[in-house]
Amino acid sequence: MAKIGEFELLVLLALLRQAEEPYANRVREDLEANADRRVTRGALYRTLDRLCEKGMVEWELEPSSTPERGGHPMRRLRITDEGLQAVRESHAVLMRFFDGLDPVLES
Amino acid sequence: MRAAPPRVAERLLTLVLGSSEEARTILGDLAEDHARAVRERGKLAAAGWYWKEALSLAVSTSAVGLARGFRVGRGVAQDSRYAVRAIRRDPAFFVFATLIIGLGVGASTAVFSVVSPLLLLPLPMEEPDRLVLVENEAGQGLSGVTSRTSNLRDFRERARTFEAMAGFNAFSGQGSYNMVGTGSPERLSGFEVTHDFLDVLGVAPALGRDFTFEEGDFLGYHADGEARGGPNAVMLTHGFWVRRFGADPAVVGSSLRLNDHPHEVVGVLPPSFDFSSVFAPAQPVDILLPWPITDETDGWGNTTTIVGRLRAGAGVGAAQAELESIVRALQEEQPDRWGLGARVSPLQARIAQPYRPGMLLLVAAAGLLMLIVCVNLSNMLLARSPRRSREMAIRRTMGATRGRLVRQLLLESTLVALSGSIIGLAVAWAAVRHVAGTSGLDVPLLGAVDVDGLALAFSVFVALLTGLAVGAAPALKVGDGDEAEALSGSSRGSTAGPAGRRVRELLVVTEVAMACVLLVLGGLVLRSFQSVMQVDPGFQAEGLVAWELGTSRDFDGLPALMAYYDDIIASVEAVPGVSSVGLVDALPMGRNRTWGSRVVGKEYADDQGESFFPHIVDHRYLSTMEILLVKGRLFTADDNSEGAPVAIVNETAARTMFPGGVDAAIGQKIDMRSEVEIVGIVADVKHRALELVPDNEVYFPMSQVPDFGTLDLVVRSDLPPSVLAASVGTAVAAVDPELPTEDYRTMTSVVERAVSSRRLTLQLLVAFAGSALLLAALGIYAVLSYSVTERTKEIGIRKALGESAGEIRRGLVMRTIGLAVAGIVLGGLTALAGGRTLESLLFGVEPTDPVTFGAMVAIVLGVAFLAALVPAIRASRTDSATALRSAG
């Protein structure tokens with residue numbers, strides 16, 4: 001957990017959960033629907049920028065594919081090996097800390 | 001059609017996010033969600049949603065961007081909290097600052113938005129910079145700028161600098177079309193255009209197709225009802241299609257019954273092309289019909305406004321030179337031909353030309369107001385800065401770096417500027433909505449007015465810059481080691497004390513000066529407006545109501561036609577409360593056609609003659625309008641087809657057309673198709689506009705010159721127009737139930753429309769001048785009340801030394817008056833120097849008008865006095881002991 005914050009972790013997980021390489025709207029929808037939180041656009045784009053700076057996410061520009069985008073391009077997001085590594089580490093840390101707490105949490 | 005996201009919001013975002021590909025992906029994401037919102041919640045809710053998202057994104061991005069600019073990522077949240085706290089501590093300042101920024105941003109955005117479609121944005125056509133207007137020689141009225149259709153035909157054939165040429169019948173607004181058989185009968189206003197008109201402009205129909213060549217050949221009907229020439233067709237304007245047919249696409253291909261003949265609806269114009277707002281402002285246009293280029297239409301004289309598309313690379317000068325040589329060649333080939341002439345000018349510049357000075361004046365005024373807002377803002381911030389310096393010093397002693405302090409102040413300024421801009425956006429939106437929704441404004445392209453995102457961004461930027469520049473001063477001033485001094489509570493910051501006061505007083509003087517300039521501008525325009533309104537139009541507009549009687553009946557000869565109108569008149573005259581009734585084919589300030597003729601027995605050069613505005617009237621018209629008889633007699637019922645041909649001229653025509661002038665005009669003859677004797681002279685009527693010199697006018701009895709399309713029924717009555725309308729409508733329907741009568745105009749509204757663009761300029765300028773005055777008063781008040789607070793100690797000492805409250809009060813008020821006088825002198829001189837540029841907008845008033853300048857001086861002095869009074873009274877009530885203690 002040292003390298004990334006909770007919201008960053010959620011964003012990375014959301015990226016992994018998509019069937020094909022997603023763009024920001026898909027990530028946002030997933031987070032809003034399944035992580036049960038309100039995601040403002042500004043926060044999401046900033047987090048993506050930060051993750052990119054940390055080398056955990058990269059993207060490819062893709063020309064506009066649907067008329068609905070008004071001719072604007074799209075960012076296809078991809079998690080890097082480094083990002084995947086960070087997720088694994090976070091997962092391990094969480095697992096270690098949750099371990100043995102079941103009686104407390106279920107009571 | 002895809003519903004696009006709100007343009008202004010998108011532009012605002014581009015401004016904040018930049019135009020990199022990455023930034024555009026964000027716009028794309030938003031656009032996609034917007035499209036979904038449109039599907040799920042409708043256009044309006046989606047637009048609201050988009051604005052909300054865009055604003056929140058813009059605010060959070062700029063706040064973060066600002067923080068990055070100072071290379072500090074942390075502490076922003078804390079600083080924002082400080083900023084909000086600072087605002088809460090001084091809500092009055094925050095509210096004032098927000099409001100004045102809102103005022104400035106709103107006013108300048110509104111003005112730029114109104115001006116830009118006419119002066120800045122390209123016309124809603126393809127490659128509009130290649131479009132030109134080909135006018136006839138300069139002259140009076142529409143006939144002066146329009147051409148015969150043979151000119152269009154020959155120019156088209158010979159001119160090589162043009163890719164294509166087309167035209168429309170400039171007088172077609174004067175014919176109207178009764179639509180029956182599709183719902184309730186309605187009178188439509190249509191314009192006749194050549195079949196390739198839209199093509200030349202590069203406008204494609206939104207639905208259906210353009211006119212075909214064959215349809216362009218349509219020429220009316222034979223007496224037996226058979227169409228002559230091609231099939232008759234009609235295109236609908238977008239507005240009419242939506243209004244009347246609920247935007248039903250099935251109407252294309254169907255048939256409309258216009259003036260008793262079926263017309264096929266071939267297409268619908270796109271919403272972006274509003275014929276009326278470009279070519280015929282304030283005239284509603286429902287339909288377009290074909291305008292044939294034939295010998296028959298050529299015989300109708302100067303009728304056609306010619307629009308040409310230059311070949312790529314061809315300039316206006318080359319086109320002008322070529323057309324001139326074509327005109328010369330044609331004149332040589334056909335020495336008898338008249339009405340040849342060509343003057344080429346770029347279409348957009350030509351359309352905007354009459355409105356340019358007024359628009360530029362508004363732009364200058366809005367700019368000035370924005371400047372005043374900035375000065376006022378600086379002033380308020382400076383006045384606050386001694387207190388802020390203290391706060392900053394405390395925070396520095398607690399370990400805050402200067403960067404942090406600057407950042408906090410910048411955040412505060414940004415917050416104020418942004419919230420002011422939101423108010424400004426609302427102001428601009430309301431103003432623009434008001435202007436675009438005002439029908440009857442005689443200014444082109446107002447329908448296309450929308451809040452201009454670029455102007456908004458620019459105004460916001462200026463306000464932001466001012467806020468940033470001045471707002472950061474207190475933090476920068478607290479240099480290293482100055483904390484103790486700032487904290488000691490003495491008033492020796494650099495904006496406190498005499499030096500600081502001088503800066504602020506200088507700002508007040510500037511502000512007063514600029515307000516003076518705006519007051520003089522507003523005053524001059526107001527006085528011009530008053531002079532225009534005082535012009536005697538030559539008829540009594542009060543109590544007159546007009547109906548357009550556009551019958552589509554075919555009459556069996558002149559007697560039947562006259563009997564029809566006699567019946568209508570008799571029926572309307574019988575309505576209780578109607579005092580008199582008349583008929584005319586060209587009301588003042590309405591139709592704009594000229595005829596030519598010669599006075600019998602007067603010498604003329606070959607192609608010379610008299611030109612005048614003709615009015616075809618019944619014998620009751622002149623007395624109903626209360627147009628004064630100067631000499632001779634009015635028409636009587638006996639001036640009919642059996643009587644000798646007669647006419648009545650106005651004084652100007654009597655003076656200029658006939659040798660011997662007014663005294664000799666009666667009994668002279670002019671050459672129409674036969675010789676017509678002048679039997680009377682009536683007073684001049686302002687036919688084109690109130691502020692223009694009167695023109696030659698000639699009245700003909702309708703039964704002798706039945707050369708009219710539609711007639712206007714004028715009714716004089718003391719009844720309120722709405723009451724009168726109902727009973728006159730019933731009376732007309734009793735004679736002809738198919739004649740639409742819902743549309744009536746009071747003659748006062750006709751006069752009103754003629755001054756509408758002047759009134760718009762006036763309203764905006766007066767609003768600006770008023771705001772400027774208010775801001776200047778606020779500025780004076782703020783400076784004085786801060787300086788009173790600041791000088792409490794000094795005042796206390798002076799009181800202790802025996803100065804009376806009255807003396808202290810007088811001293812302060814006099815000092816303020818001194819500032820105001822300095823501002824008045826500065827502003828007055830500027831206004832005197834700048835007034836000359838206004839001359840073309842003024843009427844009946846000199847740019848140096850002493851009344852305007854006098855009023856300005858009185859108003860500014862009065863306001864300065866009032867603004868000074870409250871702080872002065874407060875100062876004079878200062879109790880010396882408390883003052884000395886608290887300031888010690």
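K686(B) touches V535(B), D536(B), P537(B), P588(B), M589(B), L692(B), V693(B) and P694(B), leaving out residues up to four places away in sequence; contact means heavy atoms within 4.5 Å. The model is predicted: local features need pLDDT of at least 70 and side-chain atom pairs pLDDT 80 or more, while totals for chains, interfaces and linings use all residues. Residues are numbered from 1 along each chain as its sequence is written, chains are lettered from A and ligands numbered from 1 in the order in which they are written, and side-chain values use heavy atoms, without hydrogens and water.

**Buried charged residues in chain B**

- K686(B) sits in the loop between β19 (675-682) and β20 (697-701) of chain B; helices (H or I, at least four residues) and strands (E, at least two) are DSSP runs, numbered from the N terminus.
- K686(B) is buried but has no salt bridge. Buried means under 20% relative accessible area, exposed over 50%, and partly exposed in between (1.4 Å probe, protein chains only). A salt bridge is a side-chain nitrogen of Lys or Arg within 4 Å of a carboxyl oxygen of Asp or Glu.
- The nearest side chain of opposite charge to K686(B) is D684(B), at 7.4 Å; Lys and Arg count as positive and Asp and Glu as negative, with His and the chain ends not counted.
- D210(B) is found in the loop between β5 (207-208) and α9 (213-216) of chain B.
- D210(B) is also buried without a salt bridge, and R209(B), the nearest side chain of opposite charge, is 7.2 Å away.
- Apart from neighbours within four places in sequence, D210(B) is in contact with H195(B), L198(B), D199(B), P205(B), E215(B), M235(B) and V266(B).

**Positive phi in chain B**

- Most residues other than glycine have a negative phi.
- E127(B), in contrast, has a positive phi, near 40°. E127(B) lies in the loop between α5 (91-120) and β1 (131-135) of chain B.
- E127(B) counts as partly exposed because its relative accessibility is 40%.
- E626(B) has a positive phi near 60° and belongs to the loop between α22 (621-625) and β16 (629-632) of chain B.
- With a relative accessible area of 39%, E626(B) is partly exposed.

**Chain A on its own**

- Chain A contains five helices and two strands, in the order α-α-α-β-β-α-α from the N terminus on.
- Chain A has 107 residues, of which 36% count as buried.
- Of the contacts in chain A between residues at least 6 apart in sequence, 54% join residues at least 24 apart.

**Where chain A meets chain B**

- The contact involves 22 residues of chain A and 22 residues of chain B.
- The two chains bury about 2000 Å² between them, 46% of it on carbon and sulfur atoms; buried area is the accessible area (1.4 Å probe) that two parts lose on being put together, summed over both.
- In chain A, R41(A), E68(A) and H72(A) lose the most area to chain B, together 32% of what that side buries.
- Eight salt bridges cross the interface of chain A and chain B.
- R41(A) forms a salt bridge with D33(B), and their closest N and O atoms are 2.9 Å apart.
- The elements that give two or more residues to the side of chain A that touches chain B are α2 (24-34), α3 (41-53), β1 (57-62) and β2 (74-79) of chain A.
- α2(A) gives the most to that side, with five residues.
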